[in-house]
Structure formats: C-alpha cells, structure tokens
Amino acid sequence: MQPEHWNLAPVSDDDLAAVLRLNQLYQHFLSPLTIEELRAILASSSHHRSIEGGKAFMIALDDQSNHQGENFRWFKARYYSFVYIDRIAIGESLQRRGLAAAFYEDLETETRKAGRNYLCAEVGLKPTNGNSLRFHDAMGFERVGTGEVSGKTVQYFAKLIE
C-alpha cells in the first residue's frame, strides 16, 4: 500500500475553530486552550501545520520562543538548539493513515533547514498515551526524562537532527 500524500499547510485563521475543537477533544493528552491562548501559541510558534481545514494539526516552537509552558521550559533548561512539538492532534477519520509521520517528517526537514540540533516532545504517562509513546520510539526519539506537570506525568523525548 502506497503512503498517502498530504497537503500540509500553515494553520490559517479559517482553521482556528476546527483546531480548537480538536484540541478540546484530546485535551486529556494535550492541555485545554482558549481561542486567545491558541492564537498566542501560533504567534510564538516557529512551525505550525494543519490539514483539511484543521481536521489535524501540529504546533511547534523553537528555542527562541518566549513560550512559558512548563514542558517547553524543561527542554529550554537542558537543550540549546531545539524545536519543541507543543501539540499534535489528528481527528479520528484521519488516524492510522501515516499523517503523524508526515507531520513529523515535515517538521524534521524544517528543523534541519533552521540549523536546530534536536526535535523534542513530551508524551503522557499518566494518563497514558500508549500510541504516542510507541510512535515516538519508532520515529527514533530517545527517552530523556520524566516530569510532573499540572497533575500529569509525562515522558520527555528528544531526537538528534543530523
């Protein structure tokens, strides 16, 4: 079976309502957002992509961002040159079709072009996001630490970009 080709585009104003709904659907793995917080994260991000009007999205921030999230600050204290995946969500109708890998491959390409050394992310251990843990392992990320954030236990991941 051939992998699908995805038209990944920057998150547009037209996508915001759908992105917010999808974030709310998966907020137990991500974190809640208001529309104002979503706009602020997008404004401080170095990379954001969506597909089909926000039916799936990814938002990432580089080490120069002024973002104040606890997980981002964890990486900022330990890595000097990185891009942090703040959140990714894929609507049910698009899952298990290679879209997460497409988002990550796109981001890895952009991270390399920007001259950043690491791609970083965190995944929930409590509540457990087993699919995401397995995905990051399969994508070549290393487990580099754990943390407690807002009542959740998270696994930190980093991947050296060469």
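Predicted model: local features only at pLDDT ≥ 70, side-chain atom pairs only at ≥ 80, totals over all residues.

Me: Is the aromatic pair of Phe-72 and Phe-82 stacked, edge-to-face or tilted?

Reply: The centres of the Phe-72 and Phe-82 rings are 5.6 Å apart, and the planes are at 50°. Planes under 30 degrees apart would count as stacked and over 60 as edge-to-face. The pair of Phe-72 and Phe-82 is therefore tilted.

Me: Which parts does the pair of Phe-72 and Phe-82 tie together?

Reply: Both Phe-72 and Phe-82 are buried. Phe-72 belongs to residues 70–76 and Phe-82 to residues 82–90, so the pair joins parts 10 residues apart in sequence. Those parts are helix H3 and strand E3.

Me: Why is the pair of Trp-74 and Phe-75 given the type it has, and what is that type?

Reply: Trp-74 is buried at a relative accessible area of 14%, and Phe-75 is buried at 0%. Ring pairs link both residues into a cluster that also includes Tyr-79, Tyr-84, Tyr-118 and Tyr-156. The ring centres of Trp-74 and Phe-75 lie 5.0 Å apart with the planes at 85°, so the pair is edge-to-face.

Me: Which element gives the largest share of the lining of the largest pocket?

Reply: The largest pocket has a volume of about 1,200 Å³. It is lined by 48 residues, and those closest to its centre are Phe-29, Leu-30, Ile-88, Asn-129 and Ser-132. Elements giving two or more residues to this lining include helix H2 (35–44), helix H4 (99–113) and strand E6 (152–160). The largest share, seven residues, is that of E3.

Me: How do the lining residues of the largest pocket divide into nonpolar, polar and charged?

Reply: Tyr and Phe count as nonpolar, while Gly is among the polar. Counted in this way, the lining residues of the largest pocket come to nine charged, 15 polar and 24 nonpolar.

Me: Within what arc do the buried residues of H5 fall?

Reply: The buried residues of H5 are Gly-130, Ser-132, Leu-133 and His-136. Viewed down the axis of H5, these residues line one face of the helix because of the arc they fall within, 165°.

Me: Which exposed residues does the face of H5 turned away from its buried side carry?

Reply: The buried residues of H5 are covered by elements including H4, E4, strand E5 (142–149) and E6. The face turned away from the buried side carries the exposed residues Arg-134 and Ala-138.

Note on methods: Residues numbered from 1 in each chain as written. Heavy atoms only, no water. Phe/Tyr/Trp six-rings, centres within 6.5 Å; stacked < 30°, edge-to-face > 60°. Helix = DSSP H or I, 4+ residues; strand = E, 2+ residues; numbered from the N terminus. Buried < 20%, exposed > 50% of the residue type's maximum accessible area, 1.4 Å probe, protein only. 1 Å grid on protein atoms, 1.4 Å probe; cavity = no way out; pocket = protein on both sides within 12 Å on 5 of 7 lines; lining within 4 Å. Points joined across faces, edges and corners; volume = space filled by probe spheres on them. Arc of directions from axis to C-beta. Contact = heavy atoms within 4.5 Å.
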